[in-house]
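Have the model open as you read.

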Amino acid sequence: MTSRETLALAAVALPALTALVVAVVPRRAVQPAALAGLVLSGGVGIALAIAALADPADLTVTRWVVIDAAAGLMTGVIGLVGLASALASPSYLRTVTSGLFGARHGMRAYYAALAAFVAVLTAVPLAGNLGAAWLLVEATTAASAILVGWSGKPRALEAGWKYLLLTSLGLGFSLLGIVLLASVAPGGSLDALSWRSLSADVPAGETTLVAYLLVVVGLAAKIGWAPVHNWLPDAHSEAPPPVSALLSAALLPAVLLVAWRAERALEPAVGESAGRSVLIGFGLVSLTVAIPFLWRPLAWKRLLAYSSLEHMGVIALGVGFATPLALAGVAVHIAGHAVAKALGFYAATPLLGHEPRAAGHAVTGIARTQPSLGATMGISLGALAGLPPHPSF
Amino acid sequence: MGVALAALFLVIVARTREPRPVRAGVAPFARAGLAILLALAFVWLVPPVGLETEQAERAMLALVAFGAAVVATRRATLHQLLGIVMVENGLVLGAIELPGGGSLGIELGVALDLVLIAVVAVVFHERIFAEFGSGDTAALESLRD
């Protein structure tokens with residue numbers, strides 16, 4: 001096993017192990033165990049990113065695992081945001097008295113679900129197989145839906161239910177596409193769905209094109225691309241802020257990476273123009289839907305959610321154009337968006353403590369009453385708006 | 001997995017008896033019409049995929065269409081969850097009927113995933129029932145822009 005493969009295994013296994021440990025340790029040890037495990041796994045994810053990006057030509061591609069620059073970038077982003085979300089969680093949890101699992105088991109359930117979410121999320125960009133990637137994406141839904149509804153408030157229950165239902169239904173259509181692909185791929189087994197086999201062996205034809213459309217449309221429901229984005233503003237705005245950061249900064253681009261890999265793998269069969277047009281179409285529709293909402297005064301987290309829709313649209317355009325410059329821009333954009341968006345969501349915890357009305361309404365005057373909080377929100381918004389010197393400029 | 005899922009539904013139905021029937025958002029004939037139209041559209045739009053038999057292809061698409069229609073038109077949380085189960089049942093049928101017997105990996109993975117989603121959905125259903133006194137999603141319409 002190479003050092004990269006060891007790091008990849010550790011990046012997935014550590015948070016999974018953390019989830020198990022958190023589930024069984026005594027109550028007073030839950031938070032320290034969770035933070036230690038998630039900080040360590042975040043560090044491993046960042047180390048894997050450095051190793052993968054330092055030498056992008058050195059690839060690990062098997063039937064089950066792919067470690068390339070794209071996977072490295074995403075594991076780094078997930079590691080960084082996962083680590084930061086873990087550290088931001090104690091201050092959020094201090095503001096909550098009960099939740100979906102009651103006061104007694106709430107903290108344990110929160111950290112176990114958070115660690116499980118980070119584990120499956122880290123595995124998504126490393127999956128070397130469309131079938132395995134689908135299973136992992138669906139598993140992120142189960143872990144993160146619990147976190148979205150974790151506060152147990154009516155609005156959080158509504159958001160969590162919508163998220164669970166709409167993304168599961170969307171991913172059902174993706175799975176239909178995968179079954180169609182398996183029916184035309186030689187062998188028809190899970191092995192035939194590896195990125196390499198899809199690219200080399202899937203024949204061109206009507207069935208492959210329909211399968212590709214179903215796969216991407218289903219994944220679009222999870223990425224939050226318009227017009228299948230209905231869950232996104234609700235889930236991002238009602239989830240605990242550290243979870244919203246992970247959803248927006250890490251989950252959406254990780255699933256987008258799966259859609260991009262599917263497009264790349266099926267491009268020889270469906271044609272370059274058809275494959276890329278679908279991504280560009282989703283990008284344009286997402287931008288068109290997001291922009292009117294970004295002009296309106298919205299509650300802080302809801303504004304950030306619509307910003308996610310916009311940024312996923314921009315990234316879709318980048319991967320749709322697919323020139324080397326566009327893909328380099330996408331990489332920078334994903335990293336820049338992750339930092340700026342996570343910062344914005346982390347600011348929501350002190351914002352809601354200072355001004356509870358901000359949960360449902362646009363608020364003003366924060367910079368006057370809380371200058372450091374106002375400055376943090378300003379930096380986040382400026383970066384998300386693409387103002388220089390932020391990389392997304 | 002199927003037995004586990006059935007047991008889960010039995011337990012949750014017993015634990016959360018609705019005080020009165022949850023009305024669907026759409027009348028019965030309209031629901032049936034929509035489901036049949038959706039199934040016919042799927043059969044017309046999706047090209048032959050080469051499953052073991054043509055009947056299996058149609059059954060797969062019909063189950064997916066009926067499940068999607070149930071999710072879209074029913075308001076009860078448990079009915080919506082059953083819609084998702086129908087969709088996944090159709091897909092597992094497709095996986096089983098793949099030429100050469102399909103992949104055990106796909107079938108097991110989908111089944112495990114479905115149980116996981118169903119467990120999480122049941123947690124939500126119980127909490128929604130406790131909060132609103134019913135599993136009627138009509139109560140879940142406060143988030144709007």
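Start with helices α3 (residues 69-93) and α13 (residues 324-354) of chain A, which pack at an angle of about 5° with their axes 11 Å apart. (Helices are DSSP runs of H or I with at least four residues, numbered from the N terminus; axes are lines fitted to C-alpha atoms over the stretch in contact, and angles run from 0 to 180 degrees between N-to-C directions.) That angle makes α3(A) roughly parallel to α13(A), a label for angles under 35 degrees. This is a predicted model, where local features need pLDDT of at least 70 and side-chain atom pairs count only at pLDDT 80 or more, while totals for chains, interfaces and linings use all residues. Residues are numbered from 1 along each chain as its sequence is written, with chains lettered from A in the order in which they are written.

Who meets whom here? From α3(A), residues including V77(A) and V81(A) meet a set in α13(A) that includes A335(A) and A338(A); contact means C-beta atoms, placed from the backbone, within 7 Å. By class, there are 12 nonpolar, two polar and no charged residues.

V77(A) and V81(A) turn up again in the largest nonpolar core, 190 residues, among those with the most contacts inside it. (Such a core joins buried Ala, Val, Leu, Ile, Met, Phe, Trp, Tyr and Cys residues through C-beta atoms within 7 Å; buried means 20 or more other C-beta atoms within 10 Å of a residue's own.) Helix α10 (residues 241-270) of chain A brings the largest share, 20 residues.

Finally, 39 residues of chain A touch 39 of chain B. On chain A's side, α6(A) gives the most, with 19 residues.

Terms used
Two residues are in contact if their C-beta atoms, placed from the backbone, lie within 7 Å. Helices (H or I, at least four residues) and strands (E, at least two) are DSSP runs, numbered from the N terminus. A residue is buried if 20 or more other C-beta atoms lie within 10 Å of its own, exposed if 12 or fewer, and partly exposed in between; C-beta atoms are placed from the backbone. Angles under 35 degrees count as roughly parallel, over 145 as roughly antiparallel, 65 to 115 as roughly perpendicular and the rest as oblique. Ala, Val, Leu, Ile, Met, Phe, Trp, Tyr, Cys and Pro count as nonpolar, Asp, Glu, Lys and Arg as charged, and the others, Gly among them, as polar.
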